[in-house]
Amino acid sequence: MLLLDVSTRSFRNLSEARIELGRRTTVLFGPNGQGKTNFLEACHLLCTLRPLRAQKLAELVRIGSEQSALVRGRFELSGGVREVEVEVGREGRSARVDGKTVRDPDELFGGLATVAFTPDDLAVVKGGPEGRRKLLDRAAQNRHPSHLADSREYLRALRARNELLRQDAPPDLLASFDEPLARLGANVRRRREQVLEEIRPHAQQAFAEVARGEAPLELVYLAAGRDSDGLAGAGAALADRLLGALRRRLPRDRERGYTSVGPHADDLGLSLGERAARLYASQGQSRAIVLAFKIGEIENLKSVQGRAPLLLLDDVSSELDPARNAFLMAYLAALDGQVVLTTTDPKLVAKTAVLEAVFQRVEGGRIAPENVLFSE
Ligand SMILES: Nc1ncnc2c1ncn2[C@@H]1O[C@H](COP(=O)(O)OP(=O)(O)OP(=O)(O)O)[C@@H](O)[C@H]1O
Ligand SMILES: [Mg+2]
């Protein structure tokens, strides 16, 4: 699969134009605040129907625009070229493939796997569990595109139950939400754990290569209620065990006004040897952990899908130290896949990694091809 070109309308600060992408590497360069990350967001939305960094989809619509935001892209697949269109307006998001409406990313030719690496990811190790859940959910969606629909349905049921908890609703009304919540929650968790199992060996190997001589990277799924409610493993009768936990915790949840167990409350435990990375990892180690996880994800997708995902790299070179940057560039050079990356200084991107690269200058929302000459 190749993303051939991308055009946008009323999308953040980007001008209306069709941007051609390289078959291997596209380098978007320009000063701060010009629209480089915005373009990556457009690519991400096109492939996953999910925002890359926006908290709300409405942020994507150009400020002051009467029109909805639109992103259109052409993909080259073994069966020919297909056009995907994603529109974000007041009524939410809609998507079409060759003009025909699709609801979920699994209808986009079985899902377009996309791995993004952004400066925000660096907070994943040290920050709260939400960022780590997102890391797992994105990986799960790449493997099983229907994960997005399940997660959304789960969150809808969860919100409804929380609302009822706060309103002190009668027990039988609350109980009617528990069964679907437990069933959907079990699906969400099972997929996360499956993808974690797959990624783990690849991520551990990548970490050993990035951070030579450090303690090994350990990744474990930490379910809420793993000790108190018998929710440690995702194995047999998970939905029943979740249902039991929801019922047992009802009095407490009522007091607090929220549901305290389920995949929305779980975490991904990251540690270096015995030490929890959240508490003990240095900045550099945190970066290496995230980098290793993403490389693990790419390697896993390559081995199960037979092709590398589309890689979106936002400003990575400036975030990594020289040794890790060199590692990443060598990895990219050897990766047989399509990469779109942004940088303020195209010279930061090593020459070896940008063979066959297409360079695009980004300025005030306008993107235009421009040759970059590397002096020897
Ligand atoms: N919805 C929107 N409508 C109009 N402009 C927007 C919208 N959202 C963001 N912008 C503008 O887009 C610009 C930011 O673009 P972007 O984040 O892509 O910058 P960048 O080139 O990646 O910069 P940096 O190198 O600092 O990361 C800002 O000027 C911001 O005000
Ligand atoms: Mg940026």
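1. Two strands count as paired if DSSP finds at least two bridges between them. The model is predicted.

2. Start with the sheet. It is open, has 6 strands and runs in the order β2-β1-β4-β5-β6-β7. The pairing is antiparallel. Strands of a sheet pair through backbone hydrogen bonds.

3. Look next at the edges. β2 (17-20) and β7 (100-102) each have a single partner strand, so one side of each has no neighbour in the sheet. From one strand to the next, the twist averages 25°.

4. Which strand do 9 bridges join to β4? The partner is β5: residues 69-77 form β4, residues 80-89 form β5, and the two run antiparallel. Within this part of the sheet, Arg72 stands opposite Glu85 in β5.

5. A helix packs on the sheet. Helix α1 (residues 36-48) touches β1 (2-9), β4 and β5. The direction of α1 makes about 115° with that of β1.

6. Now the domains. The protein chain divides into domain 1 (1-113 + 309-376) and domain 2 (122-308). Taken over C-alpha atoms, the centres of domain 1 and domain 2 are 27 Å apart.

7. How many residues of domain 1 are in contact with domain 2? There are 21, and they meet 18 residues of domain 2. Helix α10 (residues 322-334) gives the largest share of the domain 1 side, 4 residues. The domain 1 residues that touch domain 2 divide into 10 nonpolar, 4 polar and 7 charged.

Conventions. Residues numbered from 1 in each chain as written. Chains lettered and ligands numbered in written order. Predicted model: local features only at pLDDT ≥ 70, side-chain atom pairs only at ≥ 80, totals over all residues. Axes fitted to C-alpha atoms, helices over the stretch in contact; angles between N-to-C directions. Contact = placed C-beta atoms within 7 Å. Domains from an automatic or database assignment. Nonpolar A, V, L, I, M, F, W, Y, C, P; charged D, E, K, R; others polar.
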